[in-house]
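Here are my notes on the model, as numbered points. Please read them with the structure open.

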Amino acid sequence: MKIYFGDNQFLGVNHSAGKGDDYLSKYETAEDVAGTLRGAWEVGIRDFAFTVNAKTIKAINLVKTDCPFNLHPSLPYAHRINDLVLDKGLAGAILFKIREFGFFNLFNAGLAALLNKNRKILKLLVLSELDGIPMENVRSIGLLNIATDFILGSKRRDLLEDFYFVVAKDFNCKPIFYTMNFGKLADSIWGEGLLDCAIVFNYNKNSFRTNPSLNCVREAVERYRERETIAMSLFSGSQAQEVCDVLAEIPSISGVLFGSSSRENIKSNYMLLDSYRN
Amino acid sequence: MSNESIKCLVVGGGRIALSHIPHLIDHISVDVVGIVEPNFLLRFVLGRLFKVKVYRSLDSTRHIDFDATFILTPPMTHFSLAKQFIERGKHVFVEKPMTLDALNSAELLRLARDYKVQFFCGYVYRHHPLFKEVKRIVSEQVFGSPTTCEISMRGNVVTSNSPVTWRSFGKGSGCLFDYGCHVIDLSIFLFGEPESVTCLSKDELYQPGVIDRFSAKLDHSTYCDVQSSIICDWSDEHVRKAGIAIEIKTQDHCIRSDGQTITVSGDTCVSYSIKELDTDVAFYLRGEEFQNQIEEFFLSVVNGKADYSNAEDAVSVDETLSKIYEQVL
């Protein structure tokens with residue numbers, strides 16, 4: 001079972017307004033983020049999963065010599081897109097991204113997209129999002145749940161397949177899909193033959209965002225026990241023993257993703273997961 | 001209708017459409033038959049993205065057979081669009097606010113009753129698991145009977161550099177008709193129709209006639225003797241992410257919620273987060289509230305039993321908005 005260190009605490013997302021603001025203050029600079037990353041490295045964590053954004057990328061570059069994490073960037077950074085749409089409107093935001101790619105690149109990719117071949121334009125999008133990341137350490141590229149579930153709900157599995165092949169072939173990395181609709185996505189991805197990728201999903205004792213139900217998620221993990229499954233939100237409102245109990249419900253799980261800001265919590269969570277897998 | 005899929009036409013392809021359309025396409029009982037969007041670029045992108053037929057205008061959809069429509073256009077268009085759909089016997093979901101004139105909203109509600117179609121307004125926060133829990137606490141008086149309430153919504157989305165859109169001029173513009181209607185709806189959701197409303201402040205920061213922040217007091221004494229203060233500001237530079245905060249006082253307790261947690265202080269002190277509530281939904285995107293909202297609308301359509309409680313409250317929101325808009329300070 002692989003242990004991934006996540007970055008929600010750096011971005012202040014999925015926290016109450018006050019707590020989120022506290023985290024943002026704590027991680028105001030890249031050096032602040034780098035400090036926590038060094039702490040995670042020291043306790044033994046080797047895999048860092050993060051949302052692409054300038055501050056985290058800068059922090060990764062600050063620590064890359066001493067702490068050469070296996071990197072697992074995921075995209076897109078929803079706040080940046082939201083700000084762009086708020087600033088320019090939906091049509092304006094589309095035009096802005098079009099201009100960003102440059103005329104020649106866009107002409108080629110746009111022409112292909114018109115013929116329903118989306119991979120060129122997708123490659124441009126991924127490339128623009130990964131700017132500044134030390135690619136030699138990148139092991140996987142993830143599609144965050146806001147995008148994965150949007151595409152899944154829109155019944156555009158072909159776009160998920162395009163992402164899968166762009167990441168695997170053009171970037172030589174493992175595709176990772178984040179989702180809040182695990183069973184549905186697993187059937188759509190693994191059930192339809194896209195086998196060499198991982199899916200990250202919520203799993204916790206409170207059944208928080210384990211849609212459509214914790215039982216359905218558990219059954220899907222069992223159904224796809226040969227595939228790479230990564231649980232997140234595992235520590236959500238749970239004590240150490242409860243985390244172990246929850247993990248015992250899904251023995252085939254391949255990995256766990258957790259985030260924390262304090263060195264003590266990072267260490268204790270890592271030790272707990274490490275002892276469980278051993 | 002119970003065994004057939006509900007054919008649904010979406011009118012308007014702006015930002016909010018991106019939240020609704022995947023839910024509609026994913027829904028097991030719904031078939032999206034078209035999207036109407038006048039802007040060429042948006043129409044092109046939406047058609048390519050969702051693989052749904054797109055139309056430039058309503059006139060070009062006359063031949064389409066559908067049962068329900070989602071009106072996701074700017075609010076100044078809601079009345080005429082909703083009226084023509086209701087009069088054609090279509091079920092209507094309209095984004096908030098229902099219209100810009102409470103008399104028009106009341107007329108739409110009357111028409112919906114006459115034509116026996118479902119009519120629903122998209123106040124999404126009342127479908128949020130945590131605010132539903134606040135409603136339960138208030139209704140069941142778990143921590144005593146509420147006496148005062150403050151509901152605020154703050155964001156940092158409009159600055160002097162913001163682009164000019166339909167939100168920037170005329171009636172229907174400004175924070176009042178954007179954040180304001182959400183907050184007023186939550187107050188009505190929690191405490192019922194207000195007996196009176198007093199506008200306490202209105203500030204136009206960037207353009208004359210566009211309210212960027214305001215405060216008001218709602219007297220809910222008819223139903224539960226609660227005074228509710230509402231505060232809205234969409235230009236607060238200290239705010240990182242737009243959000244709603246509720247603070248309710250009872251004789252012995254103070255109940256606070258920010259959409260992620262509920263904290264109760266006083267004789268009893270408890271705190272719990274959204275993670276401890278039942279949040280399971282059939283499909284999740286951007287929050288449970290979007291799926292809950294759509295489920296409620298379609299359940300009424302499938303059951304053939306129109307429920308107008310949501311629309312009645314939305315009319316009440318529009319009456320309150322008009323009073324605040326028109327009050328001279």
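**Notes on chain B**

1. Start with the secondary structure. Chain B contains eight helices and 14 strands. Keep in mind that this is a predicted model.

2. Next, overall size. The C-alpha trace of chain B spans about 60 × 45 × 40 Å along its principal axes. A compact globule of 329 residues would have a radius of gyration near 20 Å, and chain B has 20 Å, so the two agree.

3. How much of chain B is buried? Buried residues account for 55% of its 329 residues. The accessible surface of chain B is about 13,600 Å². Carbon and sulfur atoms supply 49% of that surface.

4. Now contacts along the sequence. Take the contacts in chain B between residues at least 6 apart in sequence: 70% of them join residues at least 24 apart.

5. On charge, chain B carries 33 positive and 44 negative charges.

6. Look at helix α5 of chain B, residues 129-139. Its buried residues are B:P129, B:L130, B:F131, B:E133, B:V134, B:I137 and B:V138. A glutamate, B:E133, is on that list. For background, an α-helix has 3.6 residues a turn, so residues three or four places apart point the same way. Just after α5(B), B:Q141 has a positive phi of about 50°.

7. Is B:S19 buried or exposed? This serine lies in helix α1 of chain B, residues 15-26. B:S19 counts as buried because its relative accessibility is 4%, and the cut-off for buried is under 20%.

8. What does B:S19 touch? Leaving out residues up to four places away in sequence, B:S19 touches B:L285, B:R286 and B:F290. For a distance across the chain, take B:S19 and B:V183, which are 164 residues apart in sequence. Their C-alpha atoms are separated by 20 Å.

Conventions:
Residues numbered from 1 in each chain as written. Chains lettered and ligands numbered in written order. Predicted model: local features only at pLDDT ≥ 70, side-chain atom pairs only at ≥ 80, totals over all residues. Heavy atoms only, no water. Helix = DSSP H or I, 4+ residues; strand = E, 2+ residues; numbered from the N terminus. Rg over C-alpha atoms; globule rule 2.2 N^0.38 Å. Buried < 20%, exposed > 50% of the residue type's maximum accessible area, 1.4 Å probe, protein only. Contact = heavy atoms within 4.5 Å. Areas by Shrake-Rupley, 256 points an atom, 1.4 Å probe, with all protein chains shown as cover. Lys, Arg positive; Asp, Glu negative; His and termini not counted. Charge placed at Lys NZ, Arg CZ, Asp CG, Glu CD.
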